[in-house]
Amino acid sequence: MPVKKAAFKHLRQTHKKTAINSRVKNSVRTAIKMAKKKITENPTRDEAWVLVHQAIKRLDKAAQKKVITKNEAARKKSKLMKKMNALTAK
């Protein structure tokens, strides 16, 4: 445990930021899973596009808040869009 007052404050801030970041990451993961599931199970473009759009929005917000890196967000968006475009091509 920290001894100094400033170190205690830093520990509190770290715990708070960790909790917020983990919530954001979980929401991103959930949105991506739901979008992928919708793409594979129900091949209607409109319904799948709504969930893909939400996942992309959450990825962008997470990257903007620096919870994940910009490249990670871009990579995940690219993978989602490849699956979405494959659905459209069918």
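Colleague: Let's start with glutamine 64: which helix is it found in?
Modeller: Bear in mind that this is a predicted model. The helix in question covers residues 45–64, and glutamine 64 belongs to helix H2.

Colleague: And is glutamine 64 buried or exposed?
Modeller: The cut-off for exposed is over 50% relative accessible area. Glutamine 64 comes out at 66%, so the label is exposed.

Colleague: What about lysine 77 itself, which residue does its side chain meet in a salt bridge?
Modeller: The N to O distance is 2.7 Å. This pair links distant parts of the chain, 17 residues apart, with lysine 77 in helix H3 and its partner in helix H2. Lysine 77 is partly exposed at 23% relative accessible area, and the partner is aspartate 60.

Colleague: Then how accessible is aspartate 60?
Modeller: Buried would need under 20% and exposed over 50%. Aspartate 60 sits in between, so it is partly exposed, with a relative accessible area of 35%.

Colleague: Staying with aspartate 60, what separates its C-alpha atom from that of alanine 73?
Modeller: Alanine 73 lies in helix H3 and is buried, with a relative accessible area of 2%. Alanine 73 and aspartate 60 are 13 residues apart along the chain, and their C-alpha atoms are separated by 6.6 Å.

Colleague: How many salt bridges does the count come to?
Modeller: The pair of lysine 77 and aspartate 60 is one of them. Lysine 76 with glutamate 72 also qualifies, at 3.3 Å between the closest N and O atoms, and so does glutamate 47 with lysine 38. The count is three.

Colleague: About how many helical turns separate lysine 76 and glutamate 72?
Modeller: Both partners are partly exposed, lysine 76 at 29% and glutamate 72 at 21%. They are four residues apart in helix H3, so the separation is about one helical turn.

Colleague: For glutamate 47 and lysine 38, how far apart are the closest N and O atoms?
Modeller: Glutamate 47 is partly exposed at 39%, and lysine 38 is partly exposed too, at 21%. A salt bridge needs a nitrogen within 4 Å of a carboxyl oxygen. This pair makes the cut-off, with its closest N and O atoms apart by 3.8 Å.

Colleague: Which helix gives the most to the positive patch?
Modeller: The patch is formed by Lys36, Arg75, Lys79, Lys82 and Lys83. The top contributor spans residues 70–89 and gives four residues: helix H3.

Colleague: What relative accessible area does lysine 83 have?
Modeller: Lysine 83 is placed in helix H3 and is a member of the positive patch. Patch residues need over 30% relative accessible area. Lysine 83 is partly exposed, and its value is 40%.

Colleague: Now the inside: which residues have the most contacts within the largest nonpolar core?
Modeller: In soluble globular proteins, nonpolar side chains tend to be buried together. Here the largest such core has 20 residues, and those with the most contacts inside it are Ile39 and Ile68.

Colleague: Where does the largest share of this core come from?
Modeller: Ile39 and Ile68 have the most contacts inside the core. Helix H1 (5–41), H2 and H3 each supply at least two residues of it. The largest share is eight residues, and the helix that supplies them is H2.

Colleague: What is phi of lysine 66 near?
Modeller: Most residues other than glycine have a negative phi. Lysine 66, in the loop between H2 and H3, is exposed with a relative accessible area of 73%. Its phi is positive, near 65 degrees.

Colleague: Last one, on H1: what distance separates the C-alpha atoms of isoleucine 20 and methionine 81?
Modeller: Isoleucine 20 lies in helix H1 and is partly exposed at 41%. Isoleucine 20 and methionine 81 are 61 residues apart along the chain, with their C-alpha atoms separated by 27 Å.

Notes:
Residues numbered from 1 in each chain as written. Predicted model: local features only at pLDDT ≥ 70, side-chain atom pairs only at ≥ 80, totals over all residues. Heavy atoms only, no water. Patch = residues over 30% accessible without salt bridge, like charges linked within 9 Å, V, L, I, M, F, W, Y side chains within 5 Å. Areas by Shrake-Rupley, 256 points an atom, 1.4 Å probe, with all protein chains shown as cover. Lys, Arg positive; Asp, Glu negative; His and termini not counted. Charge placed at Lys NZ, Arg CZ, Asp CG, Glu CD. Buried < 20%, exposed > 50% of the residue type's maximum accessible area, 1.4 Å probe, protein only. Core = buried A, V, L, I, M, F, W, Y, C linked by side-chain atoms within 4.5 Å.
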